[in-house]
Each structure stands twice: as C-alpha cells, then as structure tokens.
Number of protein chains: 2
Amino acid sequence: MLSGPQYKRIAADLRAQIQDGEFGPGDLLPGELPLSKRYGVSRHTAQCALDVLEAAGLVVRVHGRGRMVKPKTSPDDPVASVDVR
Amino acid sequence: MLSGPQYKRIAADLRAQIQDGEFGPGDLLPGELPLSKRYGVSRHTAQCALDVLEAAGLVVRVHGRGRMVKPKTSPDDPVASVDVR
DNA sequence: TCGTATTTGTTCGTATGTATC
DNA sequence: CGATACATACGAACAAATACG
C-alpha cells in the first residue's frame, strides 16, 4: 500500500546506498541473484529494480560481469533528481 | 541467431511503421496481447518490444489504455537516431 | 453506481543462450 | 572447463486503471 511496488522500493534502497557512498563510481553492485535473496523477491523483481537504476543513469550493465555504478562523466547529469516513485 | 532477439526485431518493425506514418502522434498502438499473437511471441516479449520504443521516446504508456505514439513536443529529439540493434 | 471488458502493472516461476572470469 | 552473471524467452496469476454500458 504505502510501500508501493517492491522493485521500486528496492531501487530506491540501492540508490540511497549509492548516493550515500556505500558504492562508489566503478564499484560492482550486488547482482540479481544476491539481491533476490537479500530482499526475498524473485530474480525478475531484482532485475527490475536494477533496471530502474540503469534507466536513471546511475548504473551501467556489463554482460557477464555485473552492474557497476556509472562513473560520472558529465557534471550536468540530472541524475539525483530522477523520481524513483 | 542471425536474426537477433525477437523483441528488438519487433520493436524495429513497429518503429518503422510509426515513422512511415502508419501510426500518427496520439494514435493508440496495438497492445501487448495483439502484438504477441501477431508475432507469435509471449506477452512478455511483446512488452519488451514496446519498452524499447518507450525508452527511445517514441511512445508513452497509459495504464488501462495502452500505448500511444508520443505527440512530438520538442523538435530536438534524437529519436530517429536511436539504435534498435 | 455497478459490473464487465480491456489493457497495462506487478510478481512469481522456469529454461536456455551468451559472455566473462 | 566450470562458475558466475547478464540476455532472451516462455508461462501463469492477480492487481490496478480505464472505458463503456
């Protein structure tokens, strides 16, 4: 209800951790499987959460490697203002 | 294999139709179910195809209604240059 | 207002392919 | 080669929004 979709909640959670500095630029984020277990959701849902961060321009995917915090290239990124609602 | 992912092929197909004028701005696109039947894929795959167009800024979603061709608001959209490969 | 049909939203599960380490 | 991780694709189910009669 108040919590909304799980995947957006997880995405917001991860985003907070990134912006908190728990994950720096270039750091590898936890993968789909680890996230699915940590939050008690399916792998699909964990994937959706990571997709939100990717769409927000916060992370980048690397096939066979994982997802990493996008190294800031342009200082004009409206990244922090993206609504994860 | 040689043809690549189905969802990207379908997305490219739809994009061509849009840019061909078969669907004008504001027009409602075929939904996930119609597309899944037309192309013989699952609803999930059809959804992925439509997601590509949405990510490309070509269409917008409306819950309970469907997806429509985005009415062009800004003429600076690098839309046509998006690679659907 | 209510009920129904349609469509998208969210979530689960599974399988297989491909890329990296 | 084997383990890990993302890529693609199938299926199913119920929720929520919208439109219409």
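The model is predicted: local features need pLDDT of at least 70, side-chain atom pairs count only at pLDDT 80 or more, and totals for chains, interfaces and linings use all residues. Residues are numbered from 1 along each chain as its sequence is written, chains are lettered from A in the order in which they are written, and side-chain values use heavy atoms, without hydrogens and water.

Side chains of opposite charge can pair when their charged atoms come close. Over all chains, the search finds 8 salt bridges (a side-chain nitrogen of Lys or Arg within 4 Å of a carboxyl oxygen of Asp or Glu). In one of them, R43(A) pairs with E32(A), with the closest N and O atoms 2.7 Å apart. This pair links distant parts of the chain, 11 residues apart: R43(A) lies in helix α3 (residues 43-55) and E32(A) in helix α2 (residues 32-39) of chain A. Helices (H or I, at least four residues) and strands (E, at least two) are DSSP runs, numbered from the N terminus. E32(A) is buried, with a relative accessible area of 13%.

In chain B, E32(B) forms a salt bridge with R43(B), at 2.6 Å between the closest N and O atoms. E32(B) sits in helix α2 and R43(B) in helix α3 of chain B. E32(B) counts as buried, at 13% relative accessibility.

E32(B) also meets R67(B) in a salt bridge of 3.1 Å, N to O. R67(B) belongs to strand β2 (residues 66-69), 35 residues from E32(B). Both residues, E32(B) and R67(B), are buried. In chain A, salt bridges that share partners join E32(A), R43(A), D51(A) and R67(A) into one network.

Key:
Buried < 20%, exposed > 50% of the residue type's maximum accessible area, 1.4 Å probe, protein only.
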